[in-house]
Each structure stands twice: as structure tokens, then as C-alpha cells.
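Have the viewer open as you read.

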Amino acid sequence: MKVFEKPKALTDAPFHYCPGCTHGIIHRLVAEAIDELGIEGKTVGVAPVGCAVMAYDYFACDMVEAAHGRAPAVATGLKRAMPENIIFTYQGDGDLASIGMAETVHAATRNENITIIFVNNAIYGMTGGQMAPTSLPGQVTQTSPYGRDVNTAGYPIKVSEMLSALDAPYYIERVAVNNVKNVRNAKKAILKAFKNQVEGKGFSLIEIVSTCPTNWGMTPAKALEWVDTNMIPYYPLGVYKDKGSQIKED
């Protein structure tokens with residue numbers, strides 16, 4: 001009996017991601033959600049600049065490339081032009097929380113009926129490991145060799161907390177994919193975010209705390225541990241906004 005197989009919403013192309021990078025896990029979870037909801041034929045993904053810029057090679061649904069940070073704006077246009085389609089963006093922290101912050105905030109405050117998959121690995125991955133808006137205080141990167149100095153660079157941006165303060169967004173949750181339990185919770189959150197769009201409920205964003213072993217200068221195993229000991233304490237997991245639930249917002 002078959003107990004495990006590749007999601008139909010993924011192509012056969014091998015991932016190009018570095019060893020230990022969790023983009024592959026997140027891709028699979030997104031594809032599984034698309035499969036379970038039976039929406040591949042009407043789903044359009046939007047990927048901007050970043051490690052996931054080649055997502056069109058991996059997702060079997062239609063894909064659109066957006067300029068750096070502009071994925072929520074492109075997704076808004078696609079959804080308004082094709083309201084019957086399911087539109088999602090797949091963005092990293094350097095993309096969404098820096099050059100794309102305005103697009104994200106305004107899409108959220110309009111409660112656009114789109115789904116955003118936001119991968120937070122606290123660093124610019126594709127371009128060589130520079131400090132990102134989400135890099136932790138004291139974190140060493142290519143552009144903060146002595147650690148992020150909050151006196152000059154400011155504090156990391158907590159996207160889920162910030163967006164949850166807006167009135168309009170329907171659903172915002174932060175998850176992680178560094179162990180089996182967290183992967184299962186991430187799967188539930190991603191599925192719920194897509195289901196919300198299918199049901200016309202509005203803006204959903206899933207922030208996923210991820211790894212970047214290459215630019216963190218760690219082994220894959222150490223990177224998973226670093227998520228637990230450093231990332232999650234600064235970026236607590238949980239539901240930050242859910243208009244469909246009676247859970248009090250954090």
C-alpha cells in the first residue's frame with residue numbers, strides 16, 4: 001500500500017536549494033494543500049526575486065514572476081481580474097519585509113482575497129547572506145560582521161505582529177518547519193489559508209520560520225537547532241489573527 005508520494009501540484013524538477021534549506025519542505029506543504037483542495041487547475045502562484053525565484057520550475061500550476069517585493073500588488077491584480085482563480089504569493093523576508101513592505105501592508109489592509117506564504121529565515125539568501133529586516137539582534141551576516149547593532153540598524157520587523165494590528169486581515173499565523181510537530185502544524189495553517197481564499201474570506205498570511213544553513217554558516221542539523229534556540233524565542237509561533245475563531249489575538 002502506498003503511504004507516501006510526491007504531490008501532483010509539484011513537477012518532477014529537482015529542487016536547486018542548498019542542503020538543509022527548508023524551502024523544499026514548504027514547497028511540498030503548499031503543493032499538498034493545493035492537491036487536497038483540488039484547485040491546481042485554477043491556481044496561480046506569484047514569485048518575486050529571491051531564493052524562490054525559480055518556483056515556476058517546481059509548481060505545476062500557472063506561475064507569474066513579479067518585480068522585487070511587488071508580489072502582493074501583482075497578486076491583487078490577478079485576483080481582481082480573475083476572481084474565480086486562487087492566487088498565492090511565495091516570498092522571502094528580504095523581499096516581503098523590505099522592498100515589498102508597502103505592498104504587503106496595503107494588500108492586508110484592503111483584505112484582498114489572496115494567500116501569502118512568507119518564508120522568514122532572517123537573512124538575504126540568494127544574494128549572499130546580507131542582513132535582512134528580520135535578522136536578529138547581534139546576528140552576524142555579510143553586512144553585519146560584528147552582529148546586528150540595533151542602535152544603527154534598528155530592531156527586526158515582526159511581520160505577523162505588525163499586520164495583526166490592522167483591522168482588515170482575516171487570518172495571520174506564524175509556524176515553523178524545523179521538526180515533525182512544527183511541519184504538521186505548518187501544513188494545517190497553509191491548508192487553512194488556501195481554504196479561506198476558496199471560501200472568499202479575504203487576506204491570509206502564513207509566516208514560516210525557516211533555515212538558511214549556507215548563509216548562517218551552519219550544518220543543516222545545527223540550523224534546525226538554531227531555529228529552536230534563537231529564531232522561535234524572538235518570533236513566537238501561533239495564531240496572531242483569525243476572524244473565523246474566538247481565539248483572542250496575541
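A polar contact here is a pair of N or O atoms within 3.5 Å; within protein, one must be able to donate a hydrogen and the other to accept it, and residues adjacent in sequence count only if both atoms are side-chain atoms. T43 gives you one: its side chain reaches the backbone oxygen of I39 at 2.6 Å.

Some ground rules before going on. This is a predicted model, where local features need pLDDT of at least 70, side-chain atom pairs count only at pLDDT 80 or more, and totals for chains, interfaces and linings use all residues. Residues are numbered from 1 along each chain as its sequence is written, and side-chain values use heavy atoms, with hydrogens and water left out.

Back to T43, which sits in strand 1 (residues 43–47); strands are DSSP runs of E with at least two residues, helices are runs of H or I with at least four, and both are numbered from the N terminus. T43 is buried at 1% relative accessibility, where buried means under 20% relative accessible area, exposed over 50%, and partly exposed in between (1.4 Å probe, protein chains only). Neighbours within four places in sequence aside, T43 is in contact (heavy atoms within 4.5 Å) with I34, C61, D62, I86 and F88.

Now the charges. The whole structure holds 12 salt bridges, each a side-chain nitrogen of Lys or Arg within 4 Å of a carboxyl oxygen of Asp or Glu. Three of them are listed here:

| Salt bridge | N to O distance |
|---|---|
| K187 and E32 | 3.3 Å |
| R110 and E112 | 2.6 Å |
| E207 and R174 | 3.2 Å |

E207 lies in strand 6 (residues 204–209) and R174 in strand 5 (residues 171–176), so this pair ties together parts 33 residues apart in sequence. E207 is buried at 0% relative accessible area, and R174 is buried too, at 1%. Shared partners join R28, E32, E36 and K187 into one salt-bridge network. Within it, K187 and E32 are both buried.

For C51, the nearest is that of C212, at 6.1 Å.

Technical notes
A disulfide is a pair of cysteine sulfur atoms within 2.5 Å.
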